[in-house]
Amino acid sequence: MDLNTINAIERPTSRDMLPTWRAGDAYLAGGTWLFSEPQNKLTRLIDLSTLGWEPLQANDKGLEIAATCTIAQLDTFSAPPAWIASPLIGQCCRAFLASFKIWNVATVGGNICMSLPAGPMISLTTALDGELLLWAPGSGQRRMRVADFVKGPVSNELRPGEIARAIHLPLAALTRRTAFRQVSLTNIGRSGALIIGTLDQKGAFVLTVTASTPKPYQFRFDALPGGNELTARIDSGIAGNWFDDIHGLPAWRRDMTLHFAREILAELGGGAR
Ligand SMILES: Cc1cc2nc3c(=O)[nH]c(=O)nc-3n(C[C@H](O)[C@H](O)[C@H](O)COP(=O)(O)OP(=O)(O)OC[C@H]3O[C@@H](n4cnc5c(N)ncnc54)[C@H](O)[C@@H]3O)c2cc1C
C-alpha cells in the first residue's frame, strides 16, 4: 500500500552515508511488512538494499548471512557436504506464509527484526546458535544471540537507530544433525508451531520451540532425554506462555509442540540422517 506520510527516502551506499537517525525514521529492507499496513508515524525510509552487502559468505568459521539477504537467495545456498544441518535452511525458508513476491524480496534481517512468533528465520538462526551483529547509529557495534534478541511479538532488543547488519551461524552448529517439524492450521498458513531438534557429535541435544510461543525457547541436554523428561521440561520452561492468535489456540499449539518434540527425539535417537 502507499505510505502517504513518507516524505523522504534515503539510499545510502556505505555506512558513512547513513543519515543521522531521527524520530519518524524506519529502515527499509524488503518492505513486505512495512508496505503491508499503514505506518502513520513514519516520515522517512532508509533503504538498506543500496548498501550492497554480500548476501552469503561461507568460510571455515561458518556462514555469514547479511541482514539484507533475501529468503530466495538464502534458499539457493549450496552448503559444503560436511554442513549436515543445511537442509534446515530450505525447510525454514518454506515455512513462510508467503507468495513468490514475499519470497523474493523479504529479507532474513527483516524477518528477525519483525520478531513475529512465526518468523522462520528466527527459528532457523536460533536453532543454529545464530549471533546477530548490530550496528549502533554513527559507529560502534555489538553482538547478541538471536535467541536473546527476540522478546515477544514485534518486540526485541533493537535500540533506536540500530541496524541488524548480519547473522553468523557457527561451524559447530552447521555440522549437527537436525530434525524439523512445522504445522499450520491452513495449507501454507502462518506457522502454529515450528520445532527444531539438533544433536551434536558428542550427543548433546537442543530443542528449539518457536511459533507456538511468543518468543523462542530452547531446552538443552547433555544427552538425548527420555520423552517424559523432555515434555516435562518444555511444560515447566514455557510455563503456560503458549501463543494465542488467529493462527492457533494455545492448547493446540502445546499439543503440537509436545507431539513434535517426541517425534524429533525418536528421529534423532534412531540414527536416521
Ligand atoms: C502475505 C504476507 C505473509 C507473511 N508471512 C509471514 C510469515 O509467515 N512469518 C513472518 O514472520 N512474517 C510474515 N510476514 C511479515 C513480513 O513479510 C516478514 O516478517 C518479512 O520477513 C519481513 O522482512 P522484510 O525484509 O520485508 O522487512 P521490512 O518490511 O522491510 O521491515 C520489517 C521491520 O523490520 C525493520 N528492519 C528490517 N530490516 C532491518 C535491519 N536490517 N535492521 C534494523 N531494522 C530492520 C524495518 O524497519 C521494519 O520495522 C508476512 C507478510 C505478508 C504481507
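1. Let's start with the kinds of residues that gather around the ligand. By class, the shell is made up of 18 nonpolar, 7 polar and 2 charged residues. Keep in mind as you read that this is a predicted model.

2. Which residues come closest to the ligand? Among the 27 residues that surround the ligand, the closest are Tyr-27, Gly-31, Thr-32, Leu-97 and Thr-107.

3. Next, have a look at the backbone. For Gly-119, a backbone N or O atom lies 3.4 Å from a ligand oxygen atom. How much of the ligand does the protein bury? On its own the ligand exposes 970 Å², and the protein buries 88% of that area.

4. Now for the place where the ligand sits. The space that the ligand takes up is the largest pocket. Two elements each give two or more residues to the shell around the ligand: helix H4 (108-114) and strand S10 (163-170). Of the elements, H4 gives the most, with 4 residues.

5. Finally, step back to the whole chain. How is the protein chain divided into domains? The chain has domain 1 (8-48), domain 2 (55-171) and domain 3 (178-269). Domain 1 and domain 2 each supply at least three residues to the shell around the ligand. As for domain 1 and domain 3, their centres, taken over C-alpha atoms, are separated by 35 Å.

Note on methods: Residues numbered from 1 in each chain as written. Predicted model: local features only at pLDDT ≥ 70, side-chain atom pairs only at ≥ 80, totals over all residues. Heavy atoms only, no water. Near = heavy atom within 4 Å. Polar contact = N/O pair within 3.5 Å; in protein donor to acceptor, adjacent residues only side chain to side chain. Areas by Shrake-Rupley, 256 points an atom, 1.4 Å probe, with all protein chains shown as cover. 1 Å grid on protein atoms, 1.4 Å probe; cavity = no way out; pocket = protein on both sides within 12 Å on 5 of 7 lines; lining within 4 Å. Sits in = over half its atoms within 2 Å of the grid points. Nonpolar A, V, L, I, M, F, W, Y, C, P; charged D, E, K, R; others polar. Domains from an automatic or database assignment.
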